[in-house]
Each structure stands twice: as structure tokens, then as C-alpha cells.
Amino acid sequence: MAHSGIRSSAEGAESVAVAFADDKQGTQSCKAAVNRLRWDLTAEQISAMTTELMQKCKEVYDKVGSLDLNDVSYENTLKVLADMEVDYTVQRNTLDFPQHVSPHKDVRSASTEADKKLSEFDVEMSMRQDVYQRLEQLQEKLSADSLKPEAKRYLERLLKVGRRNGLHLPSETQEQIKNIKKKLSNLCIDFNKNLNEDTTFLVFSKEDLGGLPEDFINSLERTEDGKLKVTLKYPHYFPLMKKCCVPETRRKMEKAFNSRCKDANSHILEEIVKLRAEKARLLGFSCHADFAVEMNMAKTSKSVATFLDELSQKLKPLGEKEREVMLDLKRKDCEKHGLEFNEQLQAYDMRYYMNQVEETMYCVDQNVLKEYFPMEVVTSGLLDIYQELLGLTFHPEKDSSVWHEDVVLYSVKDAASRELIGHFYLDLYPREGKYGHAACFGLQPGCLLPDGSRQIAVAAMVANFTKMTSDAPSLLQHDEVETYFHEFGHVMHQLCSQAEFAMFSGTHVERDFVEAPSQMLENWVWERDPLQRMSKHYRSGCPLPEELLDKLVSSRLANTGLFNLRQIVLATLDQVLHTCKNVDAAKEYARLCQDVLGIPASEGTNMPATFGHLAGGYDAQYYGYLWSEVFSMDMFYTRFKPEGPMNSKVGLDYRHCILKPGGSLDASDMLKNFLSREPNQEAFLKSKGLNAELNSLPSAC
């Protein structure tokens, strides 16, 4: 399954630095080692504080915007904006993060409204031509070497963002852009809110759920007449689609899952795509995709299209072979159960027969395997591995302020200096109204405060793993362990970054590189030593048997063709929506499923209406999951594989070269520093089971 990755504001995020400074600068130094976030706000407090935050920010903007052009300086312009951005980011996250995690619906609703108001405010402030003019004047006034490299990058980025907001265009065009950005912001928030608040469930008999293990059956709520309630949340949907041997049950679940919020979100998505295209046109771009990727490693939508098309052509023969194997398994199933066989795999078959391939060809039974991955053992092993690898120590904080009783807060220190680096929250189990995927949320940027001291970073990992009950432990599927490793990698990126400016803190890197650091760390769940450290049978306490361990490691290439072709379907859909006009998203998705994957979309569904990435900051950039894998595989196989996955020297090099800079350096420079050469695609292609023909794909750098 695709990882949701880091979360970013959907639209209007490209604003000139916005924030407000503390009136008393002397209080800043005591803030450095403090987690300034709070989670006890009522709906009324969120509303009032949102208004106050906007007022204070506007005062600062007005002050900078009213400076005489001859009087602008680093201190009264650039530093003021940078200092304010620090406080604004913390305050904003305090107000808009609860929409994703609060157990109280009124707080979630107030937080969503705060996000809408603040996003509109961000748009207003991003369109302040008076501030933009002062920044232009400052750049002209300062000599080339008068600013430190990161400050120079910050000024250049603010001016670039200003141009991408149209501040160099006539005032009437600016007004059009501003109105579009406000509309987009609200539409994107509504799109994902609809998905988060969805409470659809289906009712089945125990016979309908044939093939599913007893611990899953026992975890389900029952209706008054004894039937079983199955929700569309991840801990129910994915196990059922992989293990339920009743095709009709899988068909009903897949149709419901890909029909969530179908009517409301279809209309929202259509409007979002039109508005993005219009904004791109006003800014002088041929399409939104070209606008979206301009500041990424890819640079143009043409580069993306070439990358996806050539990778697709390489993977199709592999996908065809895998499809034939799955069809043969389905044929045998139909004969066994007396069902009609129509020579076709359906969308509701895909996960089931991918799992069958693992069990029959690689002898990996996921139900047996998960018994060796109880949540507490995986968590302990994962934390130990990250501490050892990156030279850190983690400590759970008792009696800490959290938003739900399931949440745990940890402090993070550098192992050598004992210096406090930051905190992270783990919120790992589903509940009503909670964000439905897995993601890392950066909450407090690790950067410099106005007095030059360093503010600690704070991040949260939000996931939806199966929760322990009185009858059953929390056992993770192996792909869930992989997800856990991936998202926690984002947490480490947030905490280990040592940028000076909030704009470059943590995961604020090119969108088509941002997944690479976490993808690289997924390799640890396929290596023997790390796997042994994070596994133990939940009853006997026995380690993962050597035979099962070997089978798991050898199964890594199982289904790699179809899995990656599906990623290409999603990435191509994203590109087509944002390069072509008047595209019917559901029809285009169905076309791509047939043409690329060879497995048709289910009639009557609308998967794009459930595709949160389209409204969650990955618009025209979903390709980044595959693009960044070029670099994640190169990093792992060049440095960690030959020198050892748990080699602490390589781990510290990785922390220093890849995580520490945040976005203060270009990704290509960070990679060259870590690899001691230009990146290449050899490891990436081999990881897909393909021959490494290095000239067959465009250089991702």
C-alpha cells in the first residue's frame, strides 16, 4: 500500500513567511528546549485564538510593508519575517492539527474551521505586494556576500514564492489568483474532512468472512441480530481484502471502499482541478503540473511523463507474468469452490491473489507471520534500531499533555552530547473522526529563535494499526511494520534537521525527494538482523524462525510488477488530471487500470474521489513516491548494504548529510555529499526485478 507520507497544507501553502513574534524577546531563550504545543483547547478557545493569531500577524506584515524602501535592511525585513514564522508555525499547528486527531467532534470541527480561516489568511498575506517589494529592494541593496548561505537562500525563496503567487503581475490578475487560492484551500480541506469523517460499515455473517483468522472475527462489533460490522478503516479493509476467500464479500467491500464520499468529493475534485488549471494559466504555465513541479527535482511535467512511461514499459512484461500466475490461482479457486471462472482478475481480486502468491510461491503465511510482530515488540525494536543507527536516545515522558489516552510522548536526545533535540508523539490506533491513513505531522519546527538559540523540534506520527483488546493482542502485518518504519523515518527527519530557518526545517525539501529518506529506511524490515530485533512470538516469546525469516526476505520481489504498475496508474492519473482539460477522473482511472495494470476498475466506483493525496499537497506530485525511490535505493545499496545496515558510522553520515540540512541544501547536493558521487538508477531498477540499463530512464537529478 502507498504510504501517506508527510502531511502538508493543501493549497495556499506557498506564502511569504507568516508569523508573529513574542513582544518580549528576552523570553525566547527559555523557549528553546520547550514543547510549546497544547492540546487542551476548547472549540471556543480555538476560534478566539485563531482571530488573535491573524490580527498579530497582520500587524507585523503591515509594519514591514510600510517601511520606506530606502530604509529596508536585513534586521527590519528578512529577520523580522523569519523570526515571526517560527511562532506562527507553532500556534497554527496547535489550532489546525486537532482536526485530524481530537476525540471530540466539536473540537475537530472548530479546528477545521480554524484551518480554513488561517489558510485564507495565508493566501491574503502571500499576496502582499508591499512586502514583496521590500524584499526585492533588500535583494538589490545587499551585496552578494553580505548574507550567510541559508539567509541568502531564504531571501531568494521568498522572492521565488512571490513570483509563483503572481506578485509581479497586474493587480487585477493578482486578485484573481488570490480568490482562486482561497477557494482551493477550502475545497481541499473539505475533500479530506469528508474522508476522515466517513463512518460507513458493512454487515456480514461469519460465513461471509471465510478465510479470516479468529482474532480478526473476534475483534468485530456485532449487530443486535449477531451479524458482524466491518468498517472501511484500514485495520478492517486491508486484512479482509487480503484474506477473505469469499469473492462476493470482497466485491462488496472494494466497491464501498472506492465509493466513499463519491458524490460530494467527485464534485469537489472537478472544481479543484479546474481552479488549479486556471491559476496556472494566469501565472504563465501551460498546465498546473508544470507549475507544481517547477521547484522539484523533476522541473517539468514532461520529465515526469517520460519517467513514468519508460518505467511502465519496463514493468509491463513483469506485470503480465504476475497476472498469469494470479489468474491460474483464481482458476483453481473457482474449480475448488464450484464458481464460474471468467478469465479475468477483478479489482477486488488483486490484494487477495497477491497475498496468495506470497503464501503459495514463497510459503509466507501472513497470519502466521503477524504472530511474531506484536505491537510492543515492534515498537521497542524499531526505537532501539533508530537510536543505535542515528546516535540518539528516546525516553517516554510520563504525565505529559496529549490529545488522547492512546498517545505517548517521547523526548529525543543526542547520545553523545546528551543535548535535547526534540519530542515526538505516537498516535497509532484508529478511532472515529481520526485521520484515516498513516502520516507524520511536523508540529514545532527545529530552527533558530530570535535570540539565536535553537528551538527543539516536535513531530507526531499518526497511524491506524489494530488496537489490542481484552481478547487479542495488537499484531502487525509485515507491510504494517514497513509502514511504521517509513513514517517514523519522517519523524526522524523532522527531529534531526538543524536548519536555521523554519521554512527549511525538517521535511521541507523538494516534494519528489521528501519520501527518499523514509523509503531508504524501509529496507531495514527486509534485513535479517533488524527483523530479529523487532520480532518475537506474542505467546511463546520465541524469535522469528530462520526458515520463516528466509522465506520473508526472499518474498520481497513478490508482486513487484503489479504493485509498481498500480503506483504508475495513480501517478499518471494525477499527471493527466493536471495537464489535460475536461478529464473525467473516474473514466480516466478506469482507462489506466485497464491499459497499464490489466485489471479493470469496478463499475460504479470512483477511486479518485477517495484519493486524499490529490487534495493533500501531492497534486501533480504523486510520482514523487517512485521518483524518490531512485535515491532511496541508491543510498541504501551504496552505503548501508556493503558497510552493514546497523553500521553507526554510516548512520551518522546519513544523519549529517541527509537529515541535518532539512531543506537548506538542494537534494542533489545532499545526495552527492552522502554518496561521494552523482546518484544513479542501478539499484532502483534492480530492486524492481529489472535489468539495470542506466540510460533507459532520464536522470532524476
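Which residue in β3 does Phe201 stand opposite? The legends below, which describe a predicted model, come to this pair in the last view but one.

**View 1. Helices α6 and α7 cross each other.** Two packed helices are described by the angle between their axes and the distance between the axes. Here the axes of helix α6, residues 129-141, and helix α7, residues 149-164, come within 10 Å and cross at roughly 135 degrees. Because angles over 145 degrees count as roughly antiparallel and those from 65 to 115 as roughly perpendicular, α6 is oblique to α7. The crossing in which α6 passes α7 is left-handed.

**View 2. Residues of α6 meet residues of α7.** On the side of α6, the residues in contact are Tyr132, Leu135, Glu136, Leu138 and Gln139, and they meet Leu155, Glu156, Leu158, Leu159, Gly162 and Arg163 in α7. Sorted by class, this contact of α6 with α7 holds six nonpolar, two polar and three charged residues.

**View 3. Three strands form an open sheet.** The strands follow the order β1-β3-β2, and their pairing is antiparallel. At the edges lie β1 (201-204) and β2 (221-222), each of which pairs on one side only. Between β1 and strand β3, residues 228-231, the antiparallel pairing extends over four bridges. Within β3, the residue that stands opposite Phe201 is Thr231, which answers the opening question.

**View 4. Helix α11 lies across two strands of the sheet.** The helix, made up of residues 247-257, lies across β1 and β3, and α11 runs at about 170 degrees to β1.

Notes: Residues numbered from 1 in each chain as written. Predicted model: local features only at pLDDT ≥ 70, side-chain atom pairs only at ≥ 80, totals over all residues. Heavy atoms only, no water. Axes fitted to C-alpha atoms, helices over the stretch in contact; angles between N-to-C directions. Parallel < 35°, antiparallel > 145°, perpendicular 65-115°, else oblique. Left-handed = near helix turned anticlockwise from the far one by under 90°. Contact = heavy atoms within 4.5 Å. Nonpolar A, V, L, I, M, F, W, Y, C, P; charged D, E, K, R; others polar. Pairing = 2+ DSSP bridges.
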